[in-house]
2 protein chains.
Amino acid sequence: MWRTLTCTLTAGGSAASSRLSMEGPASPARAPGALPYYVAFSQLLGLIVVAMTGAWLGMYRGGIAWESALQFNVHPLCMIIGLVFLQGDALLVYRVFRNEAKRTTKVLHGLLHVFAFVIALVGLVAVFEHHRKKGYADLYSLHSWCGILVFALFFAQWLVGFSFFLFPGASFSLRSRYRPQHVFFGAAIFLLSVATALLGLKEALLFELGTKYSMFEPEGVLANVLGLLLATFATVILYILTRADWKRPLQAEEQALSMDFKTLTEGDSPSSQ
Amino acid sequence: MWRTLTCTLTAGGSAASSRLSMEGPASPARAPGALPYYVAFSQLLGLIVVAMTGAWLGMYRGGIAWESALQFNVHPLCMIIGLVFLQGDALLVYRVFRNEAKRTTKVLHGLLHVFAFVIALVGLVAVFEHHRKKGYADLYSLHSWCGILVFALFFAQWLVGFSFFLFPGASFSLRSRYRPQHVFFGAAIFLLSVATALLGLKEALLFELGTKYSMFEPEGVLANVLGLLLATFATVILYILTRADWKRPLQAEEQALSMDFKTLTEGDSPSSQ
């Protein structure tokens, strides 16, 4: 019922907006009070996760280099930066830039995904080259299967999103119908990325530590804490994304467009709402 | 905008419901067309996941027994049945029983969680007893840390949910404010349960198969497919839960209550909407 009440307040056309303006002066910067704190917390968590991954690789795995056996270590670091931190931030763009023009926000959302993808691609090349040099088999583990699935879904989602929302752009009604699917699959791909990272972390620990893992070795404890922080980061991002009252409000021009669309499709005049 | 339009149609009070009734005869059984197919698909996936877990344990791990070394195998089977299949189904109750009395649906939701918890508890006892008999260390791995976290969160969520929504029950406004948190954390705990299952599956494979895992052993391939199906099950459950137009509609008496509440809190008469 709370959700329903929220909907009544935030959704709809002129009736709802006139009610809102009765409650106080209409201001474009009407950001929900707690949102900035949650966003700041998510960024802190994300940076800690990236830093801990670096610390783990530096302290226990000899650091990072491209032209040596350390090439493997490029893989986890790139994946955490690209497919966890940057992908998570790309999902938050519509919550953080609530009052920017829709197009600017879309371009930023798309660009962050491009950065995430390119960084993840470097991480992918690193692990395949490492396997080739060492003569290891490719793509046999659950981690690798999930990882390839994430890459395929991420790429497909980006292509469809780009062609529907940016260029060439689909019709208003098609975009409206596709948008909730895009939002859902965006969150699902992000969650699968985090799950894949957890599987990879676990694999790296079991391969290297073996039975020493059960003796509470410092590396094992550090990696377990890293795993819990990864799960917490995903939870905070998901929380910010799904809070109904934190969703991006319609800007004036979008609202007008939406009313026109309703008028066209429902034969309803905006004022009769 | 699609979401906004949907909200305008389904949410709100008398204005929205009169519009709905203008579109066709009001019927309580107005279930969204595709929902039953998605629910059926989720059930099929869930049963396949349970059956494959059983098949994996039967074919490659010697089956299940309480009083022997096979006691460990009780653990994955109970966790998949309790914390994945039953927990997932408990979340769907409000979508499937759309037109039952709210109280009946709540009791079913709570009971399914009790069944899930009891079955998971048997699985938890099995692994601790197995460790004790073999002299293995407890709670050193990321899987075990995540598992204990799932248990603690699941129990806390059930207790708070029970005391807010069933007995003794909180005030209308408190329940309204807590409901979205309960829904979010319910989904988050379910997702963490599935991630924990994936970590456990991976652990079981690496402990047992070792380097044979990279030779595409049938057990490894079976378990990888099981892992992907687990992730797909979680995705389908999440999709059904988050579809805005599949949310449980307010029943007549709840709608009246919601209107009374709005009248009381906003000083707004129901007819002025």
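These legends go with several close-up views of a predicted two-chain model.

**About the model.** Since the model is predicted, local features need pLDDT of at least 70 and side-chain atom pairs count only at pLDDT 80 or more, while totals for chains, interfaces and linings use all residues. Residues are numbered from 1 along each chain as its sequence is written, chains are lettered from A and ligands numbered from 1 in the order in which they are written, and side-chain values use heavy atoms, with hydrogens and water left out.

**View 1. Chain A from end to end.** Chain A has 9 helices and 0 strands, and reads α-α-α-α-α-α-α-α-α along the sequence. Helices here are DSSP runs (H or I, at least four residues), strands are E runs of at least two, and both are numbered from the N terminus. Of the 273 residues in chain A, 50% are buried (under 20% relative accessible area; exposed is over 50%, partly exposed in between, with a 1.4 Å probe and protein chains only). Take the contacts in chain A with a separation of 6 or more: 71% of them link residues 24 or more positions apart. Contact means heavy atoms within 4.5 Å.

View 2. An unreviewed UniProt entry puts "transmembrane region" at residues 38-58, 107-128, 148-170, 182-201 and 221-241 of chain A. UniProt positions follow the numbering used here, feature names are shortened, and annotations may be inferred rather than shown by experiment. Residues 107-128 are 100% helix and 0% strand, with 31 Å between the end C-alpha atoms. For residues 148-170 the figures are 78% helix, 0% strand and 29 Å from end to end, again between C-alpha atoms.

**View 3. Helices α4 and α7 of chain A.** Here α4 (residues 74-96) and α7 (residues 172-209) have axes that come within 10 Å and cross at roughly 155 degrees. That makes α4(A) roughly antiparallel to α7(A) (over 145 degrees; under 35 is roughly parallel, 65 to 115 roughly perpendicular, and the rest oblique). Axes are lines fitted to C-alpha atoms, for helices over the stretch in contact, and angles run from 0 to 180 degrees between N-to-C directions. On the α4(A) side, look for A:I80, A:L83, A:V84, A:Q87, A:G88 and A:L91; among their partners on α7(A) are A:F190 and A:V194. The contact residues split into 9 nonpolar, 4 polar and no charged. Ala, Val, Leu, Ile, Met, Phe, Trp, Tyr, Cys and Pro count as nonpolar, Asp, Glu, Lys and Arg as charged, and the others, Gly among them, as polar.

**View 4. Helices α4 and α6 of chain B.** The axes of α4 (residues 74-96) and α6 (residues 142-165) in chain B come within 14 Å and cross at roughly 45 degrees, so α4(B) and α6(B) are oblique to each other. B:H75, B:M79, B:L83 and B:Q87 of α4(B) meet B:H143, B:V150, B:F151 and B:F154 of α6(B). By class, that contact has 5 nonpolar, 3 polar and no charged residues.

**View 5. Helices α7 and α8 of chain B.** Helix α7 (residues 172-209) and helix α8 (residues 218-242) have axes that come within 11 Å and cross at roughly 180 degrees. That makes α7(B) roughly antiparallel to α8(B). The contact includes B:F190 and B:L201 from α7(B), and B:L230 and B:F233 from α8(B). Its residues are 17 nonpolar, 3 polar and 1 charged.

**View 6. Around B:S141.** B:S141 sits in the loop between α5 (102-134) and α6 of chain B. B:S141 is buried, at 4% relative accessible area. Leaving out residues up to four places away in sequence, B:S141 touches A:K202, A:Y213, A:N224 and B:E203.
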